[in-house]
Amino acid sequence: MKMRKNLSVLTLVAVTMTLTLSACSSGNSTDTSSASPAPTATTEASAAPQASTGTPKDKVKPVTFSQYVNYDWFTALKWGDQPHTKWVQENLKININPVQANGAAANKLNAMIVSGELPDVIVLDRGKDVERLQQAGKLVALDPYLEKYPEFVKAVGEKNINMLRSADGKLYQLPNWFISGDKGNGNAAYIVEKKIYKALGSPKLETFDDLEAYLKMVKEKYPDVVPFDSGEMRDGADLQMVGMVYSGFGDNRTSSFISPGAGLQFGVPNGDKMTSIYEDPAFQGAVTYVSKLYREGLTSKDMFTQTRDQIGEKLNKGKIAVFAAYDSVTEGLGRTAHNNLRNADPEDGYITVWPFHAEGVDKNKVFPGGYSTLGWNVNVITTNAKDPEAIFAYYNWLVTPEAQNLYFFGPQGLYWDKLEDGVPVPNDAYINRDPKKYDEQHIGEFLWAGNTSYIDGTKGKREQALPEAAQDWTTVSQSTVSFKTSLNTTEFSNMDPDPKSDLGIIMQRLKDQYKNSLPKMIFAKSDDEVKSIIAQTSKEAQAMGYDKVLEFKSKVWQDNLKKLSGQ
């Protein structure tokens, strides 16, 4: 189990110092004080930095470092090409050199580990890869910096920091899009092509029966349109269509319960135990439903193989009638498609609808998205970094309101000129912006230390000051639907067993089995065949040791509950 380290002393120090607390942001950080020596192979930052005064920006010093984002689908842009990164480059002398995954993130990371040529910073999911790097002595422990940079501690929160500690009790992870308040977030949603929907009479879309009837109408009237499509496969095994539909087949279900991906649960909470997904009626119902839609020609035929770019191309042309994804309201998917379609025709675009549900399921207990107060993913500083403290100082500044505003809303004078109650007030340039050209500036890029609580609160207040025509589609979609339909899953964090352990090997086999079995379920010729495949998969999973993995996950869950309650 991961150990907890009490931060009360650090909090006391933070309160008594005259440092200004900043909310949070994304990126990397540097320091104005002299850098500490490079960490030794023991992964400890050598000498504990002394507490200092000054604002977080005062502590930033010029630094250049490499950064690798460990996702197949992610391609980093050039640092300095965006208005906000150019400001940071020119005013703080921070330079980030992206390392590309080139569509093969796992292979790239393995190659860098084997060669010893790690980047200075890695952005990746919490879990097995972080622990593998930590156990190999490749990560810098951040505890020596926490007293000198108390803004980071106060912004992230003690509970989150304790939950992020590794088995040795030390902190190696800087969270991204963490939540320090009591409100959730999420981008998972169903979106509907507006012109098609209106042309078909704007029928009721609430239940899965409603959805199926609507998709049949689309197929008949618009043969060149995909009636129902979803986001790309995640982590090689997570079919987003199944995850989204699963959330509507039972109360208080969310997609991560059935995903074998890194950092996710692959188990369904029941009482005080994590139980088999294959025995969950909601899973059985969801897979059967998706299989039926596939047999009826109402879904994409290449749902297991299509890329994010291919999906985006269809969305941009309005060739998907109903779309579901874990990040459907973000740039590159729904947001981009909506803006492109609306630019061509003010009456066109995508509308975000409340998630579908099966008969008997409470629509207010349907959660296609999930969120952890620990955030989406984490940043780690490797022992290859020449000046790890400078990088940490940059992150410390990044979690401040000043940096968050810069990265998320752009530099002052571009789309806002003044702050009112801490909120950047949109100017005429923003109100009259061309949404497509605005998105092409990629404001928000390189924000890898986002403070969800700060940004969401500020963003919501900002939109309220705008006329309806100038309001941001993503923000409206989030505030009206996706934030309200996301489940807090913090208590289910850190459930990945060590990949080299017996349980880790079993978990990998279970993931491979799921990856191979799910297409068989979806491509089955009948509901009965789906049921038979699920039963056989369940039997094989138990023989592999799924019950042992679930026992481990149950213990982690109960220990997490104790941590979160302060025990």
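**Exercise 1. At what angle do helix α19 and helix α21 pack, and how far apart are their axes?**

Solution. The model is predicted; local features need pLDDT of at least 70, side-chain atom pairs count only at pLDDT 80 or more, and totals for chains, interfaces and linings use all residues. Residues are numbered from 1 along each chain as its sequence is written, and side-chain values use heavy atoms, with hydrogens and water left out.

Step 1. Helices (H or I, at least four residues) and strands (E, at least two) are DSSP runs, numbered from the N terminus. Here the pair is α19 (residues 502–522) and α21 (residues 546–564).

Step 2. Axes are lines fitted to C-alpha atoms, for helices over the stretch in contact, and angles run from 0 to 180 degrees between N-to-C directions. The angle is about 115°, and the axes are 9 Å apart.

Step 3. Contact means heavy atoms within 4.5 Å. From α19, the contact is made by L503, I506, M507 and L510; from α21, by Y546, K548, V549, F552 and K553.

Step 4. By class, the α19–α21 contact has seven nonpolar, no polar and two charged residues. Ala, Val, Leu, Ile, Met, Phe, Trp, Tyr, Cys and Pro count as nonpolar, Asp, Glu, Lys and Arg as charged, and the others, Gly among them, as polar.

**Exercise 2. Is D456 buried or exposed?**

Solution. Step 1. D456 lies in helix α17 (residues 452–464).

Step 1. Buried means under 20% relative accessible area, exposed over 50%, and partly exposed in between (1.4 Å probe, protein chains only). D456 is buried because its relative accessibility is 18%.

Step 2. Neighbours within four places in sequence aside, D456 is in contact with G184, N185 and F483.

**Exercise 3. Which elements do the buried residues of α14 pack against?**

Solution. Step 1. In α14 (residues 401–409), the buried residues are A403, Q404, N405, L406, Y407 and F409.

Step 1. These residues pack against α2 (83–91), α13 (388–398), β13, β14 (423–426) and α17.

Step 2. On β13 (residues 416–420) sits L419. With a relative accessible area of 47%, L419 is partly exposed. Outside four places in sequence, L419 is in contact with N405 and P424.

Step 3. Just after α14, G410 has a positive phi of about 90°.

**Exercise 4. Over which residues does pLDDT stay under 50?**

Solution. Step 1. pLDDT is the predictor's confidence in each residue, from 0 to 100. Its chain mean is 89, and 90% of residues reach 70 or more.

Step 1. The stretch under 50 is residues 1–43. Where pLDDT is low, predicted coordinates should not be read in detail.
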